[in-house]
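This report goes through one protein model part by part. Look at the structure first, then read on.

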Amino acid sequence: MQRTPDLDDAVQDLSEAVGHRLILIDETMRVVGYSIHESDTDRRRLSHVLAHSDAWELPRTAAHAYCVEPVPVLGGCLFLRLADRNHRITGYLVLVLGTERVPVDVLDTLVAAGPSLGDLLALRGLRAERELARSRSLTVDLITGGPERRAAAAEALVSERILSASGRYCPVVLGTDPRTASPCDGERAGLAVTVTLRFVDRASTASAAGAVLPDGLGVLLFPRPVVQDRLTRILEQPQVAGVRAGIGPLVGLPDVHRSFERARLAWRASCFAPQDHSTVTDWEQAGLDGTLARLPLETLGVDELPPPVHRLITAGLSLELLTTLDCYLDSGGDAQQTARVLGIHRSTLYYRLGKIRAAVGGDLGDGRLRRELHTGLRIAQLAGLGPWGGP
């Protein structure tokens with residue numbers, strides 16, 4: 001939780017003045033401050049607010065500066081609207097009442113303190129926005145800058161305590177399918193960065209940084225390994241549907257730009273072969289597809305495929321035949337294993353292989369030919385060429 005000392009002191013002083021425990025929440029209903037809670041009952045109430053306030057509906061303070069609303073488990077709660085000098089709502093001051101009524105003198109004191117608290121909360125928001133902008137700028141410099149800018153950004157990220165000094169950092173790339181990219185998709189990548197950072201901030205005291213790069217890709221930076229299952233759950237939220245992620249290797253901060261490139265390739269592999277890779281894929285899992293993702297798969301044409309694969313596709317071979325060949329190559333040329341995997345009789349397999357040999361014009365037992373066919377077919381699949389269809 002980010003703290004503004006003036007704001008924290010003001011809340012504590014007000015709590016002492018009215019003799020009640022107070023909680024401060026921002027406009028998103030997230031707890032940003034609270035007075036000392038000494039008794040067991042007060043601490044239980046505070047724990048409940050910390051865990052559930054951001055799921056509450058906004059209090060009905062449009063007509064009046066305050067309202068008392070029932071809250072599950074807590075009972076009645078007083079919500080005092082806080083606003084800045086431009087009358088923009090900055091948050092709410094909360095007093096848990098339970099079954100009690102708020103004394104008139106207490107209410108008057110709280111209402112009188114509202115404008116000052118609203119301004120202090122607005123100031124806290126401005127400071128948080130400046131810190132966030134600084135974090136984003138340094139993250140972009142670390143990834144895209146030259147050697148001097150990268151070094152300066154690395155030092156500042158740690159010295160300004162945006163990231164902890166762990167020694168090993170993990171970059172994550174976020175984005176939608178590059179073949180169907182649109183301005184809305186770029187905004188979705190940025191939203192995915194925001195949603196993830198918000199989750200980290202709310203669920204832990206861990207540090208993380210993030211930004212949107214000039215090309216529209218989102219990037220996150222963690223001073224620890226990334227838990228893939230957790231990030232996958234975050235990206236399953238409807239507002240970021242379609243966003244996929246690539247994770248780079250753990251490296252020192254000066255080498256994050258190199259790890260970022262591997263994360264980008266893992267993300268591309270995940271996008272081009274979603275049936276073979278999970279929503280969140282790391283560089284190790286991407287395998288050969290990560291290397292092939294360096295190719296301009298979005299614009300690759302049939303004429304640029306290895307000649308044997310070009311002949312197969314221009315000959316109009318069906319997806320069934322090309323899948324048979326791919327399975328045959330996966331099985332190391334073992335006909336019995338191939339037939340078993342495909343669930344067909346060996347005579348059917350030999351018939352299909354005969355048509356493939358005729359189209360390719362070569363011996364499928366030749367090692368060099370098989371290498372070109374195997375890799376070339378994978379490129380064609382990733383690029384969506386021939387019977388695999390376009391994007």
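## Helix α11

Helix α11, residues 335–342, has A335, T338 and A339 as its buried residues. Viewed down the axis of α11, these residues fall within an arc of 95 degrees, so they line one face of the helix. The arc is taken from the directions that lead from the helix axis to the C-beta atoms. Buried means under 20% relative accessible area, exposed means over 50%, and partly exposed is in between (1.4 Å probe, protein chains only). Helices (H or I, at least four residues) and strands (E, at least two) are DSSP runs, numbered from the N terminus. The model is a predicted one, in which local features need pLDDT of at least 70 and side-chain atom pairs count only at pLDDT 80 or more, while totals for chains, interfaces and linings use all residues. Residues are numbered from 1 along each chain as its sequence is written, and side-chain values use heavy atoms, with hydrogens and water left out.

The face of α11 turned away from the buried side carries the exposed residues R340 and V341. The buried residues of α11 are covered by elements that include α10 (319–330) and α12 (346–360). At the N-terminal end, D334 caps α11, with a side-chain oxygen 3.1 Å from the backbone nitrogen of Q336. After α11 comes G343, which has a positive phi, near 70 degrees.

## The nonpolar cores

A nonpolar core is a set of buried Ala, Val, Leu, Ile, Met, Phe, Trp, Tyr and Cys residues joined through side-chain atoms within 4.5 Å. The largest one here has 31 residues, and those with the most contacts inside it are L305, L312, L325, I356, L364 and L373. Two or more residues each come from α9 (307–314), α10, α11, α12 and α13 (367–383). Helix α13 gives the most to this core, with seven residues.

Leaving out residues up to four places away in sequence, L325 touches L312, I356, L364, L373 and L377. Contact means heavy atoms within 4.5 Å. Apart from this core lies another, of 25 residues, among them A153, A156, L253 and V256. In soluble globular proteins, nonpolar side chains tend to be buried together.

Is R371 buried or exposed? R371 belongs to helix α13 and is exposed, with a relative accessible area of 54%.

## The five-stranded sheet

Five strands form an open sheet in the order β7-β8-β6-β9-β10, with mixed pairing. The edges are β7 (209–212) and β10 (280–282), each with a single partner strand, so one side of each is left without a neighbour in the sheet. On average, neighbouring strands of this sheet are turned by 20 degrees against each other, direction ignored. Two strands pair if DSSP finds at least two bridges between them.

Strands β7 and β8 (residues 218–222) pair in the antiparallel sense over four bridges, and V212 stands opposite G218 in β8. Strands β6 and β9 are also antiparallel, over four bridges, with V172 opposite I247 in β9. By contrast, β9 and β10 run parallel and are joined by three bridges; T281 in β10 is the bridge partner of G246. Both faces of β9 are covered, with R244 and G246 buried on one side and A245 and I247 buried on the other.

## Helices and a loop around the sheet

Helix α8 (residues 283–292) lies across β9 and β10, running at about 80 degrees to β10. Axes are lines fitted to C-alpha atoms, for helices over the stretch in contact, and angles run from 0 to 180 degrees between N-to-C directions.

T176 lies in the loop between β6 (170–175) and α5 (183–203). At 10% relative accessibility, T176 counts as buried. Neighbours within four places in sequence aside, T176 is in contact with D185, R188, G242, V243, W267 and C271.

## Helix α6

Which residues of helix α6 (residues 228–235) are buried? They are L231, T232, I234 and L235. Seen down the axis of α6, these buried residues fall within an arc of 160 degrees, so they line one face of the helix. On the other side of α6, D229 and R233 are exposed.

Note on methods:
Polar contact = N/O pair within 3.5 Å; in protein donor to acceptor, adjacent residues only side chain to side chain.
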